[in-house]
Protein chains: 2
Amino acid sequence: MFSLLNMSSADASDLTARARIRDAAIEHFGRHGFKVTIRAIAEKAGVSPGLVMHHFGSKDGLRKACDDHVFEIVHRVKKESVTADPAVSLQHVAHIEEFAPLLAYAVRSFQEGGSVGLALYERMVADIRDYLAAGEAAGRIRPSRDPGKRARWLAESSMGSLLVALSMRPDPDDIDFPLFLREWMEEHMLPLLELYTEGLYTDRQMLDAYLLYVGDPPAGTR
Amino acid sequence: MFSLLNMSSADASDLTARARIRDAAIEHFGRHGFKVTIRAIAEKAGVSPGLVMHHFGSKDGLRKACDDHVFEIVHRVKKESVTADPAVSLQHVAHIEEFAPLLAYAVRSFQEGGSVGLALYERMVADIRDYLAAGEAAGRIRPSRDPGKRARWLAESSMGSLLVALSMRPDPDDIDFPLFLREWMEEHMLPLLELYTEGLYTDRQMLDAYLLYVGDPPAGTR
DNA sequence: CAATAGGCTAAACACGTGTTCAGCCTGCTG
DNA sequence: CAGCAGGCTGAACACGTGTTTAGCCTATTG
């Protein structure tokens with residue numbers, strides 16, 4: 001895990017200055033948002049502001065490097081968790097703290113809409129669609145009239161809920177991400193499961209009315 | 001409607017400079033986010049930057065004035081739509097364009113987490129809770145184990161979906177809000193209604209497992 | 001050993017942006 | 001009419017922040 005993420009402060013001194021800057025940037029961007037100053041990042045990395053420019057050319061260059069790094073790690077972890085035995089996956093879940101900076105960075109990307117945000121989002125939608133399709137084939141998930149749109153809605157609503165919860169915090173610019181995540185799950189797990197298994201409405205009136213409206217009559221109408 | 005919102009450009013010249021500045025600020029903040037410059041707002045209002053300071057003291061003061069104005073209008077419109085006849089409500093829905101700047105401003109507030117954002121959000125949660133309670137009493141809405149958390153989840157997920165959709169746009173800093181809203185509804189109405197009337201899972205396995213986990217055994221377990 | 005390259009720093013620079021300031025114009029008031 | 005208050009302007013100011021620059025130090029290399 002440590003070697004995978006290179007985010008632990010214990011071995012920070014071992015890393016090259018370039019890597020230390022990048023990791024400090026990911027942490028700062030994730031915790032405080034992308035408006036953090038280059039000077040702050042440099043200080044966190046124990047380095048002069050000039051060196052940041054020397055290695056990354058500009059703030060955008062630094063951002064780009066962070067993007068690439070985060071995306072690459074997410075890619076690697078995902079491939080591992082698919083191929084490896086369940087024990088490894090469980091380890092990942094158990095050590096959310098280690099991934100927290102990455103997740104925080106990703107959430108900030110969703111919030112602001114950078115290239116990583118979009119790429120990660122599209123991947124997330126695709127994953128959810130595949131997952132739902134598999135569940136549908138296994139009979140655990142109800143079929144949808146438009147699986148693509150459903151997957152997109154589920155991704156958007158859950159990620160979005162996270163964003164709103166983030167913005168509604170007392171100080172959205174300084175978050176303890178692991179804590180925040182835990183509280184969020186604690187707060188929403190029940191209504192989410194309720195909604196997903198029992199629905200909200202007791203009848204089909206709204207849905208059928210909409211289906212008629214868009215010209216796709218509900219089954220059994222004609 | 002026009003006299004209510006004072007957002008139409010047709011009678012912009014009639015308004016006092018102070019009101020014109022405030023309206024221009026609401027429009028700009030809503031369309032481009034809160035990082036728009038005072039100079040840009042002043043130009044839009046046909047006024048010098050100094051005058052903005054003269055009337056509002058600071059950028060924060062301007063923001064505060066916008067907050068108050070938006071909140072006050074939302075309050076007034078809401079009270080009207082509750083007391084007035086249905087025809088008026090329909091008029092409101094039909095003329096989304098007129099409200100768009102206000103809505104855009106509110107969404108930006110949610111995104112950034114200002115005081116208005118929080119206040120509007122809490123009010124929204126309360127409204128949804130009341131609405132669901134009424135529906136439950138009328139037998140149209142299923143009961144929940146925790147109506148408060150359910151209302152919060154529904155508010156968060158729908159608002160949040162809007163935020164994510166906003167961030168994933170090609171240029172999130174320059175949105176045509178009415179168009180954006182229409183596309184969003186077009187895209188999500190179906191999966192939303194499907195989910196709300198039919199649910200997602202075919203069985204109660206996930207929900208029951210969670211209820212057991214949190215120490216609240218599902219009905220019929222003992 | 002001398003030279004060179006590259007990691008690295010401190011200081012200066014450029015520029016956008018919120019804010020301040022001195023004063024102009026206009027319309028009201030005594 | 002004279003004076004004054006307040007809306008209003010244009011220019012200047014202050015400051016934060018990304019970026020540039022000149023040069024130092026160290027290690028490698030011929």
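Me: Which residues touch the most other members of the largest nonpolar core?
Reply: This is a predicted model, where local features need pLDDT of at least 70, side-chain atom pairs count only at pLDDT 80 or more, and totals for chains, interfaces and linings use all residues. A nonpolar core joins buried Ala, Val, Leu, Ile, Met, Phe, Trp, Tyr and Cys residues through side-chain atoms within 4.5 Å; buried means under 20% relative accessible area (1.4 Å probe, protein chains only). The largest core has 74 residues, and the top two are Tyr196(A) and Tyr196(B).

Me: What is the relative accessible area of Cys66(A)?
Reply: Residues are numbered from 1 along each chain, chains are lettered from A in the order written, and side-chain values use heavy atoms, without hydrogens and water. Cys66(A) is buried, and its value is 0%.

Me: How many disulfides does a search of the whole structure find?
Reply: A disulfide is a pair of cysteine sulfur atoms within 2.5 Å. Over all chains, the count is zero.

Me: Which helix gives the most to the surface near DNA strand C?
Reply: Near means a residue heavy atom within 4 Å of the strand. Helices are DSSP runs (H or I, at least four residues), numbered from the N terminus. Helix H4 (49-56) of chain A and helix H3 (38-44) of chain B each supply at least two residues. With four residues, the top giver is H4(A).

Me: How far is a base nitrogen of DNA strand C from an N or O atom in the side chain of Arg39(B)?
Reply: Arg39(B) is among the closest residues to DNA strand C. A polar contact pairs N or O atoms within 3.5 Å. Here the distance is 2.9 Å.

How values were computed: Buried < 20%, exposed > 50% of the residue type's maximum accessible area, 1.4 Å probe, protein only. Polar contact = N/O pair within 3.5 Å; in protein donor to acceptor, adjacent residues only side chain to side chain.
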